[in-house]
Amino acid sequence: MLEHYLTAFSTIFLPQNLLALCLGGLWGLMAGALPGISTSMGVVLLTPFTYSMSPLTAFTILVSAYCGGITGGSITSILFGIPGEPSSVPTVIEGHSLAKQGRAAYALWVFLLCSIGGGLFSVFVMMAATPLIANFALQFGPPEYFGLTMLGLSVVSGLSGGSVLKGLISCLFGIFLATIGTDGITGVERFTFGTTILLGGISFITAMVGLLAVSEILIEAEEPFQQYKGSVDYKGMRGEMPRVSEFKRHWLILTKSPIIGTVIGALPGAGATIAAFLAYGEAARSSKNPEKFGHGAVDGLMAAECANNASTGGSMTILLSLGIPGSNTTAMLIAAFMIHGLQPGPLLLGQRPDIVYGIFVAMLMANLFLLGLTIIGIRLFLQLNRLPYSVFSVAIMILCVVGAFGLSNNMDDIYLMFLFGLIGYYMRKYSFPIAPAVLGLVLGNLAELSLRRTLLLSLGDPLILISRPISAILLAASIFSILYPLFKRPKALKSV
Amino acid sequence: MKKNEIVPTLIIIAFFGLMLIHAMGLRFVKRFGEMGSGFWPILILAAAFLLSILLLISHLIKFQRERKQAPEERSTSSEEGIDLKNRRKRLALSVVCLLGYILLMPWIGFVLSTLLYVFAFILALGERRRLILAISPFLVTGLTVIVFAKLILMPLPRGVDIFAAFSRLIY
C-alpha cells in the first residue's frame, strides 16, 4: 500500500498534475460560487476537456473541481447572501448574518478553515476506511432512507428562531412545494393546474435564490438610500483570523460535523446538502445559545462547512469501492471513468491501484491547494463588493436572474424565482423562518419516495419502519431531535 | 403579537385549505401497499392546515391580551405613516422594475432589457449620481454578457425579430 502512495505522490507533483489541481480548483470555485452553475454542472463542463489527458491528470482536475465547487458555494453565500449550491443554505443563514454585522472576513476565515478541515478529514477517512463505510452504506434501504430524511427534517425546531410553530408551517410549505410536478412513481400531475411551467417540479436553486436572495434585495430596497446596506463591511482578511481558543470551544461540533458529513456523503443519493443541514441542525440542537441561530451563529457556520466538504470524501468512497454515486457530482464522475475506459467499483482497486491511490492523493492535495485558491477566489468576488450600493444590488439581482435562467435555459425558472422572491419577502416580513422551507423542499421528495417505496416493500405494513434497527434508531433520534429543543428552549422563546 | 399578523395567517389557512381540497382529488390508492399520489400531499397539507389554525388561535389570544393591557398604544404618528408610505413606494417600484424586466426579456432580448432594468432599478433605489447612472447599465450588462454568454456559452434570451438580430451581433 505504501508503495502505491509513494508512486501517487511522485505522480501528482508532475507539472501537468499540479496545473490540473490549480485550474480544476479555480474552475470549481467559480462554478460553485455562481448560482445557476452547480458543482455537478462545473464537472460536466470540464469533462470533455479531459478526453485527451492521461487518466490521472483527468481525475486530478475533476476531483479538484469537485472539492472547489463544494467550497466555492460558500463564498457568495457569505458575501452576498446568494447560495451558490443547495448545501450552502445554512452558510447563507449564519455566514451572511455575520457578514452583515461587519464580520465578513471572520466568517470567511471560519468557512475556509472548517471547509478545508472537513475536506481533509473525509479524505483521511476515505483512505483508511473505504471498505467499512461502503459496507455500512449498503445496508440502507427505503425504510432507512425515510428515517434519515425524517432526521434531516427534525432539525426544523432548531432552525425556527423564535417560533417553532411558524418553523413547522414553513417546513411543511417546503415539503408541499416538493410535491408539485409529475409524481415520480405514478406519473400523475400534482398541483400543476394544467400549466407546463410546474410539470417538472420546482428546482431547489430557483426557489432558494428567490426565497433567500431576491427577498433580501427587496427588503433592502425598502430602506432609504443612505441607509442601504446591500454589501458587507470587509476590510481585509489579515487580523480577522479566529483564535485557536474559539475552535477549542467548539471542539465537539468540529468533531461531530465532519463525521456526519462523511457518513451522509457515503449514502447513495444523500450528498452535501443533507449532510450540511443535518450537521447544522445538530449544532442548533446541542448549542448552549440556540437563539443565536439564524443571526450569525459561528457554531452553525462551522458545522455546515465541515459537513458539506466532508461529504466529498464519503461520496468518493462509495464511488471508488462500489461504483455507486453518493451525489450528483460523483454520478457525473462515473461518466468520466467510462470515457477513460475504467469501471469504478470493487475491481478497480485491484486492477488500477495507480488511479485509486492517485485520486486519494489528488483529493488530499486539492484540499490543501484550496486554502490558497479560495483566498484568490474571495478577492475576485470581493471586487463586486466595491461597487456603489445601488450597482451592487442590481448586479446581485442580475446574477440571480441569470442563475435561475441557466438551470434549464428557460424563462419559466425566472418567473418562479420572482414569485419565490415575493413569497420570501412576506415570509421575512411576518417572521416565518425561510431555512425550514428550504429544508422541506430539499428533503421532501426523498422523504415521500422512500416512504412509498417502504410501504410497497412491506405490502402496506408501516411497522417495517420500526422493525428494522437502523430505521428505528433514526426515527427515534428524529423524534428526540424535534422534542428536545421544545423543552430545552429558554422561556422567552417558547412564546408561540 | 400584532393585529396585522391575523390577516396573513388567514391567507395561509385559505391557501393550505384550497390545496388540501385539490389534493383530495388526486388518486389515493392504486394497488395494495401503494399509497398513491394523493396520500403524502394530503398528510402534509392537513398538518399544515391544522398548525395554521393553531397559529391563528395563538395570534387571537395574544391580540386580545395585548388589547386589554394597552388599548391606546395603536395610534401611529404622521412621521411613521410617511415612512411606511415611502417604504411601500420603493418596494413597489423595485417589484415593478423586476417584473417589467423579466416580462420584456423574451421579447427584446437579454442585452436591451438588462440595460433598461439596471438604469431603472438603481434610479428606483434612489441613486442620483449621473456618472453611475450613465456607466453602470453598460458595465453590468457588458460583464454579464462576457461571463455568461461568451465564456460559459449560456444561451441568454435574444428576443424576437429586429431585437434577435441585434442580440446576434453581440452573442
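Me: How are residues, chains and ligands labelled, and what limits apply to a predicted model?

Reply: Residues are numbered from 1 along each chain as its sequence is written, while chains are lettered from A and ligands numbered from 1 in the order in which they are written. As the model is predicted, local features need pLDDT of at least 70 and side-chain atom pairs count only at pLDDT 80 or more, whereas totals for chains, interfaces and linings use all residues.

Me: What is the mean pLDDT of chain A?

Reply: The pLDDT is the predictor's confidence in each residue, from 0 to 100. For chain A the mean is 81, and 87% of the residues reach 70 or more. Over residues 490-496 of chain A the pLDDT is below 50. Where pLDDT is low, the predicted coordinates should not be read in detail.

Me: How many helices and strands are there in chain B?

Reply: Helices (H or I, at least four residues) and strands (E, at least two) are DSSP runs, numbered from the N terminus. Chain B has 5 helices and 0 strands. Of its 171 residues, 30% count as buried; that word applies if 20 or more other C-beta atoms lie within 10 Å of a residue's own, with exposed for 12 or fewer and partly exposed in between, the C-beta atoms being placed from the backbone.

Me: What span should helix α2 of chain B have?

Reply: The expected span of a helix is 1.5 Å times one less than its number of residues. Helix α2 of chain B (residues 36-69) has 34 residues and should therefore span 50 Å; its end C-alpha atoms are 51 Å apart, which agrees. Among its buried residues are B:W40, B:P41 and B:F49. The buried residues of α2(B) pack against α8 (164-179), β2 (189-190) and α19 (435-457) of chain A, together with α1 (6-24) of chain B.

Me: How many residues of the two chains are in contact?

Reply: Two residues are in contact if their C-beta atoms, placed from the backbone, lie within 7 Å. Here 46 residues of chain A are in contact with 50 residues of chain B. On the side of chain A that touches chain B, α17(A) gives the largest share, 10 residues. By class, that side of chain A has 32 nonpolar, 8 polar and 6 charged residues. Ala, Val, Leu, Ile, Met, Phe, Trp, Tyr, Cys and Pro count as nonpolar, Asp, Glu, Lys and Arg as charged, and the others, Gly among them, as polar.

Me: Which residues have a positive phi although they are not glycines?

Reply: Let's look at two cases. A:F193 has a positive phi of about 50 degrees and sits in the loop between β2 and α9 of chain A. A:F193 is exposed, with 9 other C-beta atoms within 10 Å. A:S431 has a positive phi of about 60 degrees, in the loop between α18 and α19 of chain A. A:S431 is also exposed, with 12 other C-beta atoms within 10 Å.

Me: Is A:T39 buried or exposed?

Reply: A:T39, found in helix α3 (residues 39-46) of chain A, is buried, with 29 other C-beta atoms within 10 Å. Leaving aside neighbours within four places in sequence, its contacts include A:G28, A:Y66 and A:T329.
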